[in-house]
Amino acid sequence: MALNIKIIPVTPYEQNCTLLWDDETNEAVLTDLGGNAAEIWHIIQKKHLNLKEIWLTHGHLDHVGGVVAMRELTDTPVIGPHCDDLFLLEDLSNKTREYAKYGFEFSTNFLPTRWLNEGEVLSVGQYEFSVLHIPGHTPGHVVFYCEREKLLIAGDVLFKESIGRTDFPRGNTQDLHHGIRTKLYRLPENVVVIPGHRETTTIGHEKIYNPYVRAE
Ligand SMILES: [Zn+2]
Ligand SMILES: [Zn+2]
């Protein structure tokens with residue numbers, strides 16, 4: 001019995017859409033479904049999983065662009081991000097139209113089934129994830145932390161030896177640094193971080209080697 005993890009890079013930005021499932025109950029969750037919905041739905045069906053929810057860390061197109069297409073295939077509740085990212089979801093159809101020239105799929109606008117707040121708890125099978133609200137890359141950015149499995153779905157907050165950009169609309173460098181220091185760097189060092197892009201890392205590694213935010 002285990003929490004299974006499959007990272008599926010999607011969109012031209014190779015965003016780490018992550019399929020999480022409990023192999024005892026076959027319940028599954030997708031995080032940050034940025035695109036490639038049909039391909040991912042095929043994977044879910046082949047594994048005979050029950051897709052319970054789609055969890056979103058923030059409203060950027062490479063993280064949410066596949067949600068509408070997936071909901072046309074299967075009626076799945078969409079959870080998150082924090083409501084401060086509403087302005088991004090309201091601009092999704094414009095953004096995906098504008099980025100079609102870079103190979104992004106078009107998406108209409110959508111609203112999540114519900115927004116998330118700091119301290120909420122989500123679950124996939126018997127595995128619970130707490131929600132941490134870490135603004136800065138976007139104002140409504142949340143991350144998902146599973147204490148039992150020492151796993152963090154970090155979106156575009158923390159990368160291997162890097163952090164999220166803050167030069168987008170409503171970005172805030174100070175908020176991002178503060179959130180990483182006070183929320184993420186207090187997690188156990190052996191927590192594995194799945195960032196929104198590129199390879200995984202650990203909290204312990206970032207506390208030493210991250211050139212942007214060092215542990216205090
Ligand atoms: Zn982003
Ligand atoms: Zn991203």
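The legends below describe a predicted model, in which local features need pLDDT of at least 70 and side-chain atom pairs count only at pLDDT 80 or more, while totals for chains, interfaces and linings use all residues. Residues are numbered from 1 along each chain as its sequence is written, chains are lettered from A and ligands numbered from 1 in the order in which they are written, and side-chain values use heavy atoms, with hydrogens and water left out.

**View 1. Cysteines.** The whole structure contains 0 disulfides (pairs of cysteine sulfur atoms within 2.5 Å). Cys-146 is buried, with a relative accessibility of 0%, whereas Cys-83 is partly exposed at 36%. Here buried stands for under 20% relative accessible area, exposed for over 50% and partly exposed for values in between, with a 1.4 Å probe and protein chains only.

**View 2. Site of the zinc ion (ligand 1).** Four protein donors, His-58 (NE2), His-60 (ND1), His-137 (NE2) and Asp-156 (OD), lie 2.1 to 2.3 Å from the zinc ion (ligand 1). Donors are N, O and S atoms within 2.8 Å of the metal (3.2 Å for Na, K and Ca); water is not among the atoms, so sites may look incomplete. The angles among the 4 donor atoms run from 91 to 166°, and the site is irregular. Four donors count as tetrahedral if all angles lie between 85 and 135 degrees; four count as square planar and six as octahedral if opposite donors are over 155 degrees apart and all others between 65 and 115; anything else is irregular. Along the chain the donors of the zinc ion (ligand 1) have the spacing H-x1-H-x76-H-x18-D. His-58, in the loop between β4 (50-55) and α2 (61-64), and Asp-156, in the loop between β9 (151-155) and β10 (158-159), are 98 residues apart and link distant parts of the chain. Helices (H or I, at least four residues) and strands (E, at least two) are DSSP runs numbered from the N terminus. His-58 is buried at 0% relative accessibility, and Asp-156 is buried at 4%.

**View 3. Site of the zinc ion (ligand 2).** The protein donors of the zinc ion (ligand 2) are Asp-62 (OD), His-63 (NE2), Asp-156 (OD) and His-197 (NE2), at 2.1 to 2.4 Å. This site too has 4 donor atoms, with angles of 87 to 156°, and is irregular. The donor residues are spaced D-H-x92-D-x40-H in sequence. Asp-156 coordinates both zinc ions, ligand 2 and ligand 1, which are 3.5 Å apart. Asp-62 is buried at 5% relative accessibility, and His-63 is buried at 0%.

**View 4. Strand β7.** Leu-132 lies in strand β7 (residues 127-133), and His-133 is also found in β7. Leu-132 is buried at 13% relative accessibility, and His-133 is buried with a relative accessible area of 14%. Beyond four places in sequence, Leu-132 is in contact (heavy atoms within 4.5 Å) with Glu-118, His-141, Val-142, Val-143 and Leu-184. With the same exclusion, the contacts of His-133 include His-82, Glu-118, Pro-139 and Lys-183.

**View 5. Nonpolar cores.** The largest nonpolar core has 28 residues, of which Leu-19, Leu-30, Ile-40, Met-70 and Phe-110 touch the most other members. Such a core is a set of buried Ala, Val, Leu, Ile, Met, Phe, Trp, Tyr and Cys residues joined through side-chain atoms within 4.5 Å. Two or more residues each come from β1 (3-10), β2 (15-22), β3 (27-31), α1 (37-46), β4, α2 and α3 (67-73). The largest share, 5 residues, is from α1. Another core, of 18 residues, lies apart from this one and includes Val-143, Leu-158, Ile-163 and Leu-187.

**View 6. Aromatic pairs.** The whole structure holds 5 aromatic pairs. Rings of Phe, Tyr and Trp (its six-membered ring) pair if their centres lie within 6.5 Å; planes under 30 degrees apart count as stacked, over 60 as edge-to-face and the rest as tilted. The ring centres of Trp-55 and Phe-129 are 5.3 Å apart and the planes are at 70°, so this pair is edge-to-face. Trp-55 in strand β4 and Phe-129 in strand β7 are 74 residues apart, and both are buried. Tyr-99 and Tyr-102 form a tilted pair, 5.2 Å centre to centre with 55° between the planes. Tyr-102 is partly exposed, at 48% relative accessibility. Tyr-13, Tyr-99, Tyr-102 and Phe-104 are linked into a cluster by ring pairs.
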